[in-house]
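Hello,

Here is the structure I promised to pass on. Please open it first, then read my notes below.

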Amino acid sequence: MKTIDLVYFDAGGGHRAAAQALQEAAALQQRPWRVRLVNLTRVLDAQSSFRRLTGFEPEDYYNLRLRRGWTLGLGQELKLLQMMIRLGHAPMVRLLQRHWQRSAPDLVVSLVPNFNRALFEGLRQAAPQAGYITVLTDLADHPPHFWIEPRQAQTFVCGTGRAVQQALQAGVPPQRVRATSGMVLRPAFHAPPMAPAERAAQRRQLGLPEDRPLGLVMFGGHGSVQMLAIARRLDEVPLLFACGHNVALRAELQALRRAAPHAALGFTQDIPQLMDLADFFIGKPGPGSLSEAVQRGLPVIALAPTGVMPQERYNVQWVRDHGLGLAVRTVRALRGATAHLLGELPAYQAQVRARRNEAVWEVLEIIAQELAAGEGAVARTAQGSRQPG
């Protein structure tokens, strides 16, 4: 049985979500693999020294900024992070080498940016025959040295034409660039939509109208204070708020008086069902949330203020270029954008429903091909070594 390591970290939720999606999909297809999730933070800081010294994990500060919407300046901080990664490159490679010498994977799939040079070199030193794949969990790269390391003999999996173009322009040989139909999503997002009768019943249960367009407002697993401003700005639009783990935000939204009905829910894993209740989506321009909404048939309004994270700048263009919705810079602009979207809702819904994303299954097939190619290379090497001199 082949062993596959899926490498993630918790800076943002998309990396872990993509790793879990691939693990779940492999189990559903009964692939003959041992699929392991590898938290890169735990490998590089196995004794949790950073947490003991500071009281929080390395990703916590980044995630707090995302929840508060404090994204201005992250471009400069990214450059500082990349400089620190370069300075710590040799020690990281040694740690990764020791890790993979012990665990001996047949293939490593990276779902993280910035660390792919160290990950690749550590694996090569520990297991030269093991394959290495980087699956971009962003719609586009943010070069240099963010996702794509063009000098590495590995496979790059890109979910948009823009990312494919970037990889080729960076000098990656075409045979090492594989395109998928979108971002990797959990298998639940590929399930059939909720039946109309159930949809109507669940709306009634939440006190929401059955005969008016409903917007789903979602800003990740911890919500955002911007959701209160959205609730007030779109006072006459029925809205469903997904607040995640943010109990205080949910209470404030529940207590809010509005002209239109609304409901505020806490954390749930059933995001596909929540999306099935709605007619359009409002949220930040994250690649995961945008892709999930589109997969469930929802046109999107992306709130993309000045200072949006560098790797998400292309996402707004992606929404506009494909006619999947609108983007606004401020909550103040939401009222006009929402009125426009609702006035053209059937046309936007048709554009969204025309897109089909099968990336999670496509990546599994790429993994299978990579494993088969590795077996072939090993067999050819063994045969060559047996040839008489």
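Start at strand E8, residues 239-242, which runs parallel to E9 and is joined to it by four bridges. Within that pairing, Leu-240 stands opposite Ala-263 in E9. One caution before going on: this is a predicted model.

The sheet

E8 and E9 belong to an open sheet of six strands. The order is E9-E8-E7-E10-E11-E12, and the pairing is parallel. Strand E9 (262-265) and strand E12 (325-328) are the edges, each pairing on one side only. From one strand to the next, the twist averages 15 degrees.

Helix H10, residues 226-233, packs on this sheet. It touches strand E7 (215-218), E8, strand E10 (280-283) and strand E11 (300-303). The direction of H10 makes about 175 degrees with that of E8. Helix H13, residues 287-295, lies across E7, E10 and E11. H13 runs at about 170 degrees to E11.

Aromatic pairs

Searching the whole structure gave three aromatic pairs. One of them is Phe-9 with Phe-115, an edge-to-face pair. The ring centres are 6.1 Å apart, with 80 degrees between the planes. This pair links distant parts of the chain, 106 residues apart. Phe-9 sits in the loop between strand E1 (2-8) and helix H1 (14-28). Phe-115 sits in the loop between strand E3 (107-110) and helix H7 (116-126). Phe-9 counts as buried because its relative accessibility is 9%. Phe-115 has 13%, so it is buried too.

Phe-146 and Trp-147 also form an edge-to-face pair, at 6.2 Å centre to centre and 85 degrees between the planes. Phe-146 counts as buried, at 4% relative accessibility. Trp-147 is buried at 0%.

Ala-359

Which helix holds Ala-359? It is H17, residues 359-386. Ala-359 has 0% relative accessibility, so it counts as buried. What does Ala-359 contact, leaving aside neighbours within four places in sequence? The answer is Thr-180, Ser-181, Gly-182, Met-183 and Val-184. Cys-158 lies 201 residues from Ala-359 along the chain, yet their C-alpha atoms are separated by 9.6 Å.

The protein as a whole

The protein has 17 helices and twelve strands. Of its 389 residues, 51% count as buried. Among contacts with a separation of 6 or more, 66% come from residues 24 or more positions apart. The protein exposes about 18200 Å², and carbon and sulfur atoms supply 53% of that.

Best wishes

Note on methods
Residues are numbered from 1 along each chain as its sequence is written. This is a predicted model: local features need pLDDT of at least 70, side-chain atom pairs count only at pLDDT 80 or more; totals for chains, interfaces and linings use all residues. Side-chain values use heavy atoms; hydrogens and water are left out. Helices (H or I, at least four residues) and strands (E, at least two) are DSSP runs, numbered from the N terminus. Buried means under 20% relative accessible area, exposed over 50%, partly exposed in between (1.4 Å probe, protein chains only). Contact means heavy atoms within 4.5 Å. Accessible areas come from the Shrake-Rupley method with a 1.4 Å probe; for residues, only the protein chains shown count as cover. Two strands pair if DSSP finds at least two bridges between them. Axes are lines fitted to C-alpha atoms, for helices over the stretch in contact, and angles run from 0 to 180 degrees between N-to-C directions. Rings of Phe, Tyr and Trp (its six-membered ring) pair if their centres lie within 6.5 Å; planes under 30 degrees apart count as stacked, over 60 as edge-to-face and the rest as tilted.
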